[in-house]
Amino acid sequence: MTPRQAKPSATRRLRAAGTVLVLVASLAASGCSLLPSSNDSNDSNDPATTAATSASAAAPKAKADAKPTQPPTAGEALADKVKASLTALGNNTSSPNREQMMTAMLDAGAVKEKVEISIDRTPTGLAVDAIEAAAPVAKECVIGQVRDGKAAVTILPLLASGRCFVGDQH
């Protein structure tokens with residue numbers, strides 16, 4: 001090397017690499033690809049390529065989200081009914097009491113002796129922010145809640161105690 005032909009500095013090489021990365025990222029973001037697509041093939045007159053392309057285009061495409069349909073479990077069926085019943089209740093009152101929750105659960109098809117309902121008043125006599133009710137079905141618990149007139153329902157596993165709620169139910 002002559003004195004005028006110095007090696008490129010590390011900073012200069014990093015700048016060049018950064019420029020290339022920015023260019024590639026810009027191309028990718030705009031939808032461009034640096035790889036040839038099947039339409040860019042130079043072998044468009046090749047019978048094997050044409051046949052393969054035609055076969056893949058003619059093959060039916062499977063739906064990515066196609067799942068086998070299964071009937072709903074007993075818990076899921078009850079959950080749908082509880083959601084509808086609690087939604088109707090929430091439309092009538094934003095803060096239902098225990099009796100109203102029990103009625104809504106029974107209207108949905110829950111078994112009265114198995115329904116668990118949270119308290120509707122705090123120990124100091126204030127109304128609770130949300131009230132919940134639960135009904136065991138098989139090995140699941142359908143748990144519904146009404147808060148500010150809006151209903152929410154979920155299905156959780158049955159507790160080892162055979163109940164849905166932990167603690168004392170009044």
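I started at Thr93, whose side chain reaches the backbone nitrogen of Ser95 at 3.4 Å. I counted that as a polar contact, a pair of N or O atoms within 3.5 Å; within protein, one must be able to donate a hydrogen and the other to accept it, and residues adjacent in sequence count only if both atoms are side-chain atoms.

A note on what I'm looking at: this is a predicted model, where local features need pLDDT of at least 70 and side-chain atom pairs count only at pLDDT 80 or more, while totals for chains, interfaces and linings use all residues. Numbering runs from 1 along each chain as its sequence is written, and side-chain values use heavy atoms, with hydrogens and water left out.

Back to Thr93: I found it in the loop between α3 and α4. Leaving out residues up to four places away in sequence, Thr93 touches Gln100 and Gly149. Contact here is heavy atoms within 4.5 Å. Helices (H or I, at least four residues) and strands (E, at least two) are DSSP runs, numbered from the N terminus.

**Sheet**

Next I looked up the strand order. I get an open sheet of four strands, β1-β2-β3-β4, with antiparallel pairing. Two strands pair if DSSP finds at least two bridges between them. β1 (116–117) and β4 (150–157) are at the edges with a single partner strand each, so one side of each has no neighbour in the sheet.

I went through the pairs:
- β1 and β2 are joined by two bridges, and Glu116 has Ala134 as its bridge partner in β2.
- β2 and β3 are joined by eight bridges, and Ala133 has Gly144 as its bridge partner in β3.
- β3 and β4 are also joined by eight bridges, with Gly144 opposite Val153 in β4.

α3 packs on the sheet and touches β2, β3 and β4, its direction making about 160° with that of β4. α4 packs on the sheet too, touching β1, β2 and β3, and makes about 35° with the direction of β2. Axes are lines fitted to C-alpha atoms, for helices over the stretch in contact, and angles run from 0 to 180 degrees between N-to-C directions.

I checked the hairpin of β2 and β3 as well: it has two residues between the strands, and Ala138 takes a positive phi near 55° there. Seven of the eight residues of β2 are buried, so I see β2 as largely enclosed by the rest of the structure. Buried means under 20% relative accessible area, exposed over 50%, partly exposed in between (1.4 Å probe, protein chains only).

**Cores**

I then looked at the largest nonpolar core, which has 21 residues; Leu78, Val82, Leu86, Met101, Met105 and Ile117 touch the most other members. Such a core is a set of buried Ala, Val, Leu, Ile, Met, Phe, Trp, Tyr and Cys residues joined through side-chain atoms within 4.5 Å. At least two of its residues come from each of α3 (74–92), α4 (98–108), β2 (130–137) and β3 (140–147). A second, separate core has five residues, including Ala134, Cys141, Ile143 and Cys164.

**Disulfide**

Last, I looked up the one disulfide: Cys141 and Cys164, sulfur atoms 2.1 Å apart (the cut-off is a pair of cysteine sulfur atoms within 2.5 Å). Cys141 is in β3 and Cys164 in the segment after β4, so the pair ties together parts 23 residues apart in sequence. I read the S-S torsion as about -90°, so this disulfide is left-handed. Both cysteines, Cys141 and Cys164, are buried.
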